[in-house]
Amino acid sequence: APSDPTLVERAARAKAALGDRLFILGHHYQRDEVIQFADVTGDSFKLAREAAARPDAEFIVFCGVHFMAESADILTSDAQKVVLPDLAAGCSMADMAVLSQVETAWELLEDAGVADSTVPITYMNSSADIKGFVGRHHGVVCTSSNAKRALTWAFERGQRVLFLPDQHLGRNTAILEMGIDADDCLLYDPHKPGGGLTAQQLGQAKMLLWRGHCSVHGRFTKSSVDEIRLRVPDVNVLVHPECRFDVVTAADYVGSTEYIIKIIDAAPAGSAWAVGTELNLVRRLANAHPDKQIMFLERNVCYCSTMNRIDLPHLVWTLEELAAGRLVNQITVDADTAHHARVALDQMLALP
Ligand code: 13P
Ligand code: SF4
């Protein structure tokens with residue numbers, strides 16, 4: 001239980017015993033009980049950079065989800081070990097794009113004669129396999145904080161983008177930030193023959209959006225925005241770009257978790273905010289800013305169940321095992337996949 005004082009003490013003791021050998025990264029969606037032990041907190045982009053910037057840490061304990069730990073392993077040296085406190089902390093969105101499905105989609109683009117002019121982009125929220133595919137095909141990884149820059153980079157190199165696996169981040173960025181016509185954005189459904197598109201459509205689309213989404217952010221609706229605006233007339237609506245297009249269009253501010261925190265930090269006392277993102281973060285913001293009115297955008301509670309798998313008991317177990325010289329829950333990516341995925345990740349880190 002989060003309030004168990006002995007667990008807090010045990011985590012602190014094991015962390016102290018590991019000293020500089022250990023570095024703990026915490027994503028903003030993690031529970032308070034875990035976040036208190038993070039050396040650095042951040043959005044996906046910041047955490048990838050932080051992992052790459054810690055060459056002296058022997059153990060990187062990643063309090064986040066599997067694709068983040070994989071990316072950290074790819075960006076760190078072979079001598080460093082990346083550890084995920086619960087191996088079941090996956091991401092349902094990342095699971096919506098499987099390598100064999102992406103290879104099939106690429107073959108369809110080849111058959112349509114347009115693969116050479118297509119640049120693949122994968123959201124960070126994807127498996128290392130998918131990032132490796134994207135690296136092999138001269139594409140780039142993006143996060144919610146640099147999707148526009150990634151799309152700009154891609155359209156300097158090709159005529160169309162295959163965007164994996166979050167249709168909403170892809171659509172929102174293409175239409176609202178790049179000015180791409182909605183009619184030029186087509187949904188590719190990996191569960192339908194031909195992706196549900198004709199060869200002609202495949203060739204004509206500027207944005208091919210993979211049919212994936214975040215189950216947490218998919219729950220926010222336009223009607224929850226309308227409803228809160230009626231209830232709190234001067235409310236500011238702040239959402240994550242994994243939300244649906246109509247939600248993002250109806251919002252006042254859109255951005256990554258790090259951006260959401262910056263906006264709330266800078267907001268004047270007394271201002272009202274409805275925040276559309278995962279609940280651990282919204283709760284933490286509300287507690288940290290008692291002078292501001294911070295609400296959850298949806299009436300129904302939405303935690304990310306896989307982020308929440310990393311709890312204090314798992315963290316304590318992990319740290320105590322490491323302190324006892326037992327390497328547990330290591331996340332590794334095979335050398336070939338890691339090599340190509342790193343090309344796509346380095347390309348992201350180098351985006352202008
Ligand atoms: P960011 O922290 O990059 O905004 O990502 C949100 C997310 O869904 C991570 O799983
Ligand atoms: Fe995946 Fe959504 Fe959870 Fe992020 S919040 S880890 S995208 S399911």
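Two residues are in contact if their C-beta atoms, placed from the backbone, lie within 7 Å. This briefing concerns a predicted model, in which local features need pLDDT of at least 70 and side-chain atom pairs count only at pLDDT 80 or more, while totals for chains, interfaces and linings use all residues. Residues are numbered from 1 along each chain as its sequence is written, and chains are lettered from A and ligands numbered from 1 in the order in which they are written. The protein chain is divided into domain 1 (5-90 + 307-334), domain 2 (94-214) and domain 3 (217-296), with bounds that come from an automatic or database domain assignment.

**Domain 1 and domain 2**
- The C-alpha centres of these two domains are 31 Å apart.
- Nine residues from domain 1 and eleven residues from domain 2 take part in their contact.
- On the side of domain 1 that touches domain 2, the largest share, four residues, is supplied by α4; helices here are DSSP runs (H or I, at least four residues) and strands are runs of E (at least two), numbered from the N terminus.
- That side of domain 1 has four nonpolar, three polar and two charged residues, where Ala, Val, Leu, Ile, Met, Phe, Trp, Tyr, Cys and Pro count as nonpolar, Asp, Glu, Lys and Arg as charged, and the others, Gly among them, as polar.

- Beyond four places in sequence, Phe-62 touches Leu-25, Met-68, Ala-69, Ala-72, Val-82, Val-83 and Leu-84.

**Annotated binding-site residues**
- An unreviewed UniProt entry places the feature "binding site" at positions including Asn-125 and Thr-257; such annotations may be inferred rather than shown by experiment.
- Asn-125 is found in the loop between β5 (118-123) and α6 (128-136).
- Asn-125 counts as buried because 28 other C-beta atoms lie within 10 Å; the term requires 20 or more, whereas exposed means 12 or fewer and partly exposed lies in between.
- Leaving aside neighbours within four places in sequence, Asn-125 is in contact with Phe-67, Cys-91, Met-93, Ala-94 and Asp-166.
- Thr-257 lies in helix α12 (residues 257-266) and is buried, with 23 other C-beta atoms within 10 Å.
- With neighbours within four places in sequence left aside, the contacts of Thr-257 are His-28, Asp-43, His-240, Thr-277 and Leu-281.
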